[in-house]
Amino acid sequence: MSAAPAPQHRTYTWQDPQPTAEAIQRLSGLEVLQGIGDGTLPTPPAMDTLAIEPVEVEPGRVVFELTPAGWHYNALGTVHGGVLATLADNALGASVYTRLPAGTGYTTQGINVTFLRPVTIDTGRIRCEGTALNVGRRTAYATAAVTDLTGRLLAHATTTCQIFPAGQQPARTRQHDAQDMSATA
């Protein structure tokens with residue numbers, strides 16, 4: 001009988017996302033993402049949690065990178081698909097956001113991710129390039145490719161995003177908020 005593996009520990013820090021949320025009213029999506037990239041605005045806590053790093057941002061295109069670690073693993077000993085999906089969702093949404101004016105928000109309506117190869121620590125640093133293909137008044141469509149640093153395709157994703165004034169959440173979200181509040185009352 002083998003001994004149980006030693007427990008692993010991880011600590012990290014994150015900043016209050018409120019300054020970034022407030023900047024949405026006065027800065028374009030591109031300016032917000034540039035602020036996150038240069039450190040003048042806080043990185044979203046979800047990105048800190050998974051160690052997703054912004055690398056490049058330009059109108060309609062972003063690149064985020066992640067170095068696989070043991071704490072990204074599933075029971076099979078590979079990076080969990082949800083981690084890769086979150087990496088892709090960040091790049092997809094951000095690519096759309098780079099094309100939105102100040103005071104405008106977005107939310108993912110749907111995401112489709114196809115996993116092509118397993119990702120492990122041995123894969124090394126991976127990158128996800130998101131590209132906004134079409135941004136309209138109410139919806140946007142984007143695509144993303146997750147690759148290793150040699151360019152080998154690991155996963156591919158597409159999304160449709162809903163666009164709305166930043167001060168107004170989509171009706172679906174307001175309804176969920178009302179349900180959440182009534183459940184806690």
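# Fold, burial and strand pairing

Biologist: Among contacts in the protein chain with a separation of 6 or more, what share comes from residues 24 or more positions apart?

Modeller: This is a predicted model, in which local features need pLDDT of at least 70 and side-chain atom pairs count only at pLDDT 80 or more, while totals for chains, interfaces and linings use all residues. Residues are numbered from 1 along each chain as its sequence is written, and side-chain values use heavy atoms, with hydrogens and water left out. A contact means heavy atoms within 4.5 Å. Of the contacts with a separation of 6 or more, the share between residues 24 or more positions apart is 64%.

Biologist: Which pattern does the protein chain follow along the sequence?

Modeller: Helices (H or I, at least four residues) and strands (E, at least two) are DSSP runs, numbered from the N terminus. The protein chain has five helices and six strands. In sequence order the pattern is α-α-α-β-β-α-β-β-β-β-α.

Biologist: What is the radius of gyration of the protein chain?

Modeller: The radius is taken over C-alpha atoms, and the globule rule is 2.2 Å times the number of residues to the power 0.38. For 185 residues the rule gives 16 Å, and the chain's value is close to that, so the chain is as compact as a globular protein of that length. The radius of gyration is 18 Å.

Biologist: What percentage of the 185 residues is buried?

Modeller: Buried means under 20% relative accessible area, exposed over 50%, and partly exposed in between, with a 1.4 Å probe and protein chains only. By that criterion the buried part of the protein chain is 36%.

Biologist: Which elements are included in what covers the buried residues of H2?

Modeller: Helix H2 covers residues 29-38, and its buried residues are Gly 29, Leu 30, Val 32, Leu 33, Gly 35 and Ile 36. After H2 comes Gly 39, with a positive phi near 85°. The cover over the buried residues of H2 includes helix H1 (18-23), E1, strand E2 (61-66) and helix H4 (81-97).

Biologist: Which strand does E3 join through eleven bridges?

Modeller: Two strands pair if DSSP finds at least two bridges between them. Strand E5 (residues 139-148) pairs with E6 in the antiparallel sense over nine bridges, and Thr 143 stands opposite Thr 158 in E6. E5 and E6 form a hairpin with four residues between them, and Gly 151 in the turn has a positive phi of about 95°. E3 (residues 104-115) runs antiparallel to its partner and is joined to it by eleven bridges; that partner is strand E6.

Biologist: Is Thr 147 buried or exposed?

Modeller: Thr 147 is part of strand E5. Leaving aside neighbours within four places in sequence, Thr 147 is in contact with Ile 126, Arg 127, Arg 152, Leu 153 and Leu 154. Its relative accessibility is 14%, so Thr 147 counts as buried.

Biologist: What is the relative accessible area of Pro 68?

Modeller: Pro 68 lies in the loop between E2 and H4. Not counting residues up to four places away in sequence, Pro 68 touches Val 79, Val 119, Thr 120, Ile 121, Gly 124, Arg 125 and Ile 126. Pro 68 is buried, and its relative accessible area is 6%.

Biologist: What phi does Ala 51 have?

Modeller: Most residues other than glycine have a negative phi. Ala 51 sits in the loop between helix H3 (45-50) and strand E1 (53-58), and it is partly exposed at a relative accessible area of 26%. Ala 51 is not a glycine, yet its phi is positive, about 65°.
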